[in-house]
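Work through the exercises below with the model open. Try each task before you read its solution.

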Amino acid sequence: MGSNGFGGSQRLVDLVQQLRPSKPLCLPSNADNPPKAESETNPIAKPSERTRPKRAAVLICLFEDENGHLRVILTKRASTLSTNSGDVSLPGGKTEEGDANDIETALREAKEEIGLDPSLVDVVTVLEPIVTKIGMAVVPVLGILADIRQFNPTPNAAEVEAIFDAPLDMFLKVLPSKSISSFLLSSSKFLCQNSFFHVSWPQDKNRREEEREWMGNKYLLHFFDYEAENGKYVIWALTAGILIAAASLVYQRPPDFQERKPQFWSRICL
């Protein structure tokens, strides 16, 4: 769907104009720059590694709910998959030989995994790639679905166990637990009268974090708990990082919490 024919609400139209670059997206052609095989940098790579793609793309598909709130489509990976089984992820996958660019990869994978017709998605921008520990460059492609009613979710059982959606702004906000909210209400007068009083707050109600280290670099992994109509989910690691970045771009502000991303996510990639 082109921007000239975009049929969403005025808010979505404004969002498209906000996010779309002033110049058309100039993406590297996968045909001209095929993903490098491991054997090019590792002469003793295993046979399976010599043909393994080193690039992937995921689709951040946003839509507006009946209350005018932005939401993002997510999936739970099938438990039978060999990697990251059961994890929450964005629709997407590895680049294939016939893909013209990262946008085509993301849209093709979304159609294969959840039955999302590419013609329903208005791609507005592409975020900076994130490089995983194994050297895979994951490119987030951000698109807008003007009318969620036109999307008929059709999960590919071999890859997807469930499809759900979550509010985009949850990846920026701090939601204090009920006990902390009660404490604030009952202690507000005391806190005002005693400005020296210090409280060490516990984790958010729906977010927790873990400090990890890799090659001397300490970073935080964020875990977001979300309960949808069809189950409870944990959105974490790379997917959480991508959604924090997307929410920061859309709402034009940083998260309410310390992010501290892994340094290896920003490694240079082709």
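**Exercise 1.** What share of the contacts in the protein chain with a separation of 6 or more comes from residues 24 or more positions apart?

*Solution.* The model is a predicted one. Take the contacts with a separation of 6 or more. Residues 24 or more positions apart account for 65% of them. For the secondary structure, the chain has five helices and eleven strands. Next, turn to burial: 43% of the 270 residues count as buried. Finish with the surface. The chain exposes about 15,000 Å², and carbon and sulfur atoms supply 52% of that area.

**Exercise 2.** Decide whether Ser-89 is buried or exposed, and list what Ser-89 touches.

*Solution.* Start with the location: Ser-89 is found in strand β3, residues 88–89. Its relative accessible area is 12%. The cut-off for buried is under 20%, so Ser-89 is buried. Now leave out residues up to four places away in sequence. Ser-89 then touches Leu-74, Thr-75, Arg-77 and Thr-239.

**Exercise 3.** Describe the largest pocket and its lining.

*Solution.* First, the volume: about 1,200 Å³. Second, the lining has 38 residues, and those closest to the pocket centre are Thr-83, Asn-84, Thr-132, Val-138 and Leu-238. Third, the elements that each give two or more residues are β1 (55–64), β2 (70–77), β3, β4 (92–94), α3 (102–114), β10 (217–228) and α5 (237–251). Of the elements, α5 gives the most, with four residues.

Definitions and conventions
Residues are numbered from 1 along each chain as its sequence is written. This is a predicted model: local features need pLDDT of at least 70, side-chain atom pairs count only at pLDDT 80 or more; totals for chains, interfaces and linings use all residues. Side-chain values use heavy atoms; hydrogens and water are left out. Buried means under 20% relative accessible area, exposed over 50%, partly exposed in between (1.4 Å probe, protein chains only). Contact means heavy atoms within 4.5 Å. Accessible areas come from the Shrake-Rupley method with a 1.4 Å probe; for residues, only the protein chains shown count as cover. On a 1 Å grid over the protein atoms alone, a cavity is a set of points where a 1.4 Å probe fits but cannot get out, and a pocket is an open set with protein on both sides within 12 Å along at least five of seven lines; lining residues have an atom within 4 Å of a point. Grid points are joined across faces, edges and corners, and a volume is the space filled by probe spheres set on the points.
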